[in-house]
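Please read the following report alongside the sequence and the three-dimensional model. It is arranged by topic, from the whole chain down to single residues.

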Amino acid sequence: MIKISFILLVLAITSVRCYGQNYFHSPNDTLIANTILDGQVTMNITQIHPNNDTLHFNWNKLDVVLPFGWEANICDNSNCYTSLVDSGTTLPVLPGDDALMLIHCTPHITEGTAIIRYTISEENTPLQIDTLTWIINATVAGINSTSSISPKIWVYENELHLDEFATDFSSLVIYNSIGEAVFNTQLLSEKIIPLPLLTPSIYFVQLVGDSNILTQKIILTE
């Protein structure tokens, strides 16, 4: 009886190890890029695969906000599609290889912000679903995104707090996860901005200045 129990315990531990998530996203699950009109952006999120097994990824379009006149398409480690297709399955990712999810985006005609979101899961762990997000900001004159100092933005007691570097920007817009603007205000010297009642979720704060735009993800909790 003791031997049987021990064998069952070992099998249970082995099962957990086999079906644990054995990859991670690099550089992370959300990428933000700035460009000018007609300037193509290429943004890739790599599924790093450190273990000695073979992975099979499935991915599905969650939602897309694409300004009028923009072009975008998605690629994985198997194929490069001509549009933002609804779903796909990668080729097997062998030991020593990594998977890839990549967005090409070219903004035409209109300034604005695109938000592209896909879910991804691995066949051995179908209940572990990750959301990958690509955000692209585009203006006519271009965006200065090379500053070595970026404003810090955080939320405390339903107030948005900005550090002193936020004075470089003139307005603020908050978008929900599907790209709808849920709040906007002009910035003068305020460093604390009361927020409306927003549903706990992921949001994107966009600071807009004369020659630069900065977008940061925030998470509102209950």
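The sections below describe the chain, its cores, its disulfide, its strand pairing and some backbone features.

## Basis of the model

This is a predicted model, in which local features need pLDDT of at least 70 and side-chain atom pairs count only at pLDDT 80 or more, while totals for chains, interfaces and linings use all residues. Residues are numbered from 1 along each chain as its sequence is written, and side-chain values use heavy atoms, with hydrogens and water left out.

## The chain as a whole

The protein chain has 1 helix and 16 strands, where helices (H or I, at least four residues) and strands (E, at least two) are DSSP runs numbered from the N terminus. Of its 222 residues, 42% are buried; buried means under 20% relative accessible area, exposed means over 50%, and partly exposed lies in between, with a 1.4 Å probe and protein chains only.

The accessible surface of the protein chain comes to about 12300 Å², and 56% of this belongs to carbon and sulfur atoms; the areas come from the Shrake-Rupley method with a 1.4 Å probe, and for residues only the protein chains shown count as cover. Among contacts (heavy atoms within 4.5 Å) between residues at least 6 apart in sequence, 67% join residues at least 24 apart.

In soluble globular proteins, nonpolar side chains tend to be buried together. A nonpolar core is taken here as a set of buried Ala, Val, Leu, Ile, Met, Phe, Trp, Tyr and Cys residues joined through side-chain atoms within 4.5 Å. The largest such core has 27 residues, of which Ile 116, Trp 134 and Ile 136 touch the most other members. At least two residues of this core are supplied by each of strand S2 (30–36), strand S3 (41–48), strand S4 (57–65), strand S5 (71–76), strand S7 (99–106), strand S8 (112–122) and strand S9 (125–139).

Leaving aside residues up to four places away in sequence, Ile 136 touches Ala 33, Thr 35, Val 41, Met 43, Trp 70, Cys 105, Gly 112, Thr 113, Ala 114 and Ile 116. A second, separate core holds 18 residues, including Leu 162, Leu 187, Leu 195 and Leu 220.

## The disulfide and the cysteines

A disulfide is a covalent bond between the sulfur atoms of two cysteines. With the criterion of a pair of cysteine sulfur atoms within 2.5 Å, the count comes to 1 disulfide. Cys 75 and Cys 80 form this link, with their sulfur atoms 1.8 Å apart, and the link is right-handed, with 50° about the S-S bond.

Cys 75 is buried, with a relative accessible area of 4%, whereas Cys 80 is partly exposed at 46%. Cys 105, one of the residues touched by Ile 136, is buried with a relative accessible area of 0%.

## Strand pairing

Two strands count as paired if DSSP finds at least two bridges between them. An open sheet is formed by 4 strands in the order S13-S12-S15-S16, with antiparallel pairing. S13 and strand S16 (213–220) stand at the edges, each with a single partner strand, so one side of each is left without a neighbour in the sheet. The twist averages 20° from one strand to the next, given that axes are lines fitted to C-alpha atoms, for helices over the stretch in contact, and angles run from 0 to 180 degrees between N-to-C directions.

Strand S12 (residues 171–175) and strand S15 (residues 201–208) run antiparallel and are joined by 5 bridges, and Tyr 175 stands opposite Phe 204 in S15. Elsewhere, S11 pairs with S14 in the antiparallel sense over 3 bridges, with Pro 194 in S14 as the bridge partner of Glu 159.

## Turns and backbone features

S10 and S11 form a hairpin with 2 residues between them, and they pair in the antiparallel sense over 4 bridges; Leu 162 in S11 is the bridge partner of Ile 153. Glu 157, in the loop between strand S10 (153–156) and strand S11 (159–162), has a positive phi of about 50° although it is not a glycine, and Glu 157 is exposed at 62% relative accessibility.

Asp 38, in the loop between S2 and S3, also has a positive phi, of about 70°, without being a glycine, and Asp 38 is exposed with a relative accessible area of 55%. The peptide bond from Ser 26 to Pro 27 is cis, with omega near 5°, and Pro 27 lies in the loop between strand S1 (24–26) and S2.
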